[in-house]
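Work through these exercises with the model open beside you. Try each task before you read its solution.

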Amino acid sequence: MTPAVLPGLLEALRGFQAGSLDRDAYLRACAARADECEPWLKAFVTRVPAAGLKAAAQGPLAGIPIGVKDIIATAGLRTTNGSAIFADHVPAEDAAIVTAIKRLGGTVFGKTVTTEFAFRHPGPTANPWNPAHTPGGSSSGSAAAVAAGIVPLALGTQTMGSIVRPAAYCGIVGFKASFGAVPRDGVHPLSGSLDHVGFMARCVDDVACALALLGDPGYVLADGSDLAAWRFDMARGLAPWPAPSLAVVRAPDWDKVSAEQRAVLDATVAALRRAGATVEEVGVPEIGRPTLAPLQRILDWEARDIYADLVARHPERASAPLKGLVEGARATDHAAYVAARRTQRELRAGLSTRLSAYDAILTVPASGEAPEGLGNTGDASWCAPWTFLGFPALTVPAGRSARGLPLGVQFVGTFGRDIRTLRVAKWAESVLQEAAAR
C-alpha cells in the first residue's frame, strides 16, 4: 500500500484553522484517494459522489469526511447492515451520532463495509497492507478506509472485538470508550448489553478529539465529572499521562498468541520502562472463561430476540453464521441470561476496584497479524473480556510482522476512566514512535 499522505483529523482541523488547508480541496483529495484505492480495497458499500462532497461553512468538524459503519443509520443514504435482507434499505432518520456529526459540520463520506449485522459473515474488504489478508471485523471497511488514508476518521462498533482488533490488523488507532459513553440510538443492535460505538483514526489525539466532540456530554466518568466538563485542547492535543503505572495482563489463551505478537508486547514493556513507566505483571484469572462464557450467554439471548424472527422470515437471505447464532441461542434460558448479566455487573465493579491502582492495563489486541484470506476476520478473545466489562480500550500500532503486517498493543482502563486511559496511550504512543525512529 502507498502510505497515506493526507492530513489526519487533528492535523486537518489545525490546517483549516490556520488557513493552510482548504476544506473543499481536502474533501476532493480524500475522494481521489478513494477512487485510487477502492477498486481493490472495497472499504465502502456506498459512497457519496464527489460532486456532493461540499464542506459546511462552519462547525468544529467542517471539512472533515467521516466513514460511517453500515449498521449506523444515515437518512437518505442506503444502510444495508451488511445483509442482503436490507440491501435496499434507506433510513428516514439519522442515528444520534450521525446527527451530531452533521450538527458539528462534518461530512458523511460514505458507508463502510461491515460483516453481516456486525457478526461473523464477512464482506469483501481487503487489508490495506496486503489485500490477501483480512482487515478484521466487524468494522472492516472503517479500519481499512482510515489505514488507506481515505478518511481521517471512521465510526465503528464493538460487541466483542470489532473496533480494536481490525484497527490493530490495519495499523491504526481504534478506541472503544466505556459502555454508554458514545450514543447508540439508530445503530442496528447485535446485543444491547454489549454493543459499543467507537472511533478509528491515525493517532490517539484523533480518537480523543472524536470522543470530545461526539461522546455523550452527560456521560458520567469514574471521578464523578461528565464528558461535557472535559476540555480537549484542539491546539495542543491530549496531555500525556507521564510515567504511568501499568498492569501487564497476559490472558486469555496466551498459548494461542503468536511469537511475533508476544515479542512486540515485550518490546513495548521494555521501551515504556526505559521511559519511566512502572510496569508490573498482573494475573487476572477472570479475563478468560469467567468473562467469555457469560458474554456468550448475553449475546445469545439478546441476539435471538433481535434476529430469530428476521431469519425465519428471510431464510434465503440470512448467512449460515447468523442462522447458527439463532439456533445456538436456543440453549440459553432466561435464568442463565440473568445470571450472566449479574456476573457482568459484579465483575465490572470488582475489577474496577482491584485494578484501580494502575493507570492502565497493557495487553495484546489480537493473537498476531491479520489472518490470510478474507473468509475469517480473526479471533476476538483478547478484546471480548474488556468489552464484556464495558472498560475503555484502544489499540496503538507497535510493530510489524515478518510479512510486513501491522501489530499493535492494547491499553485498557477501568470503567469510566476513559480520559486517563487515552492520556496513558498518548504517552506510550510517543515513546513507541521515538523508539521506532532510532
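**Exercise 1. Find the handedness with which α8 passes α10, then describe their packing.**

Step 1. α8 passes α10 in a left-handed crossing. Left-handed means that the near helix is turned anticlockwise from the far one by less than a right angle; clockwise would be right-handed. Helices here are DSSP runs of H or I with at least four residues, strands are runs of E with at least two, and both are numbered from the N terminus.

Step 2. The axes of α8 and α10 (residues 334-354) come within 9 Å and cross at roughly 130°. Axes are lines fitted to C-alpha atoms, for helices over the stretch in contact, and angles run from 0 to 180 degrees between N-to-C directions.

Step 3. α8 and α10 are therefore oblique to each other. Angles under 35 degrees count as roughly parallel, over 145 as roughly antiparallel, 65 to 115 as roughly perpendicular and the rest as oblique.

Step 4. On the α8 side, the contact residues include P290, T291 and W301. On the α10 side, they include H334, Y337 and L347. Contact means heavy atoms within 4.5 Å.

Step 5. The contact of α8 with α10 divides into eight nonpolar, four polar and three charged residues. Ala, Val, Leu, Ile, Met, Phe, Trp, Tyr, Cys and Pro count as nonpolar, Asp, Glu, Lys and Arg as charged, and the others, Gly among them, as polar.

A note on the source: this is a predicted model, where local features need pLDDT of at least 70, side-chain atom pairs count only at pLDDT 80 or more, and totals for chains, interfaces and linings use all residues. Residues are numbered from 1 along each chain as its sequence is written, and side-chain values use heavy atoms, with hydrogens and water left out.

**Exercise 2. Trace α8 itself: what is its reach, and where does α8 bend?**

Step 1. α8 covers residues 289-313, which is 25 residues. From first C-alpha to last, α8 reaches 34 Å, close to the expected 36 Å. The expected span is 1.5 Å times one less than the number of residues.

Step 2. α8 bends by about 45° at R304. The bend is the angle between axes fitted to the seven residues ending there and the seven starting there.

**Exercise 3. Describe how α8 packs with α9.**

Step 1. α8 and α9 (residues 320-329) pack at about 120°, with axes 8 Å apart.

Step 2. α8 and α9 are therefore oblique to each other. Their crossing is left-handed.

Step 3. Contact residues include L299, R304 and V311 of α8 and L322, V326 and A329 of α9. By class, this contact has nine nonpolar, one polar and three charged residues.

**Exercise 4. Which residues do the cis peptide bonds join?**

Step 1. S138 is in the loop between β3 (107-112) and α4 (140-147).

Step 2. Another joins A251 and P252, with omega about -5°. P252 is in the loop between β7 (245-248) and α7 (259-274).
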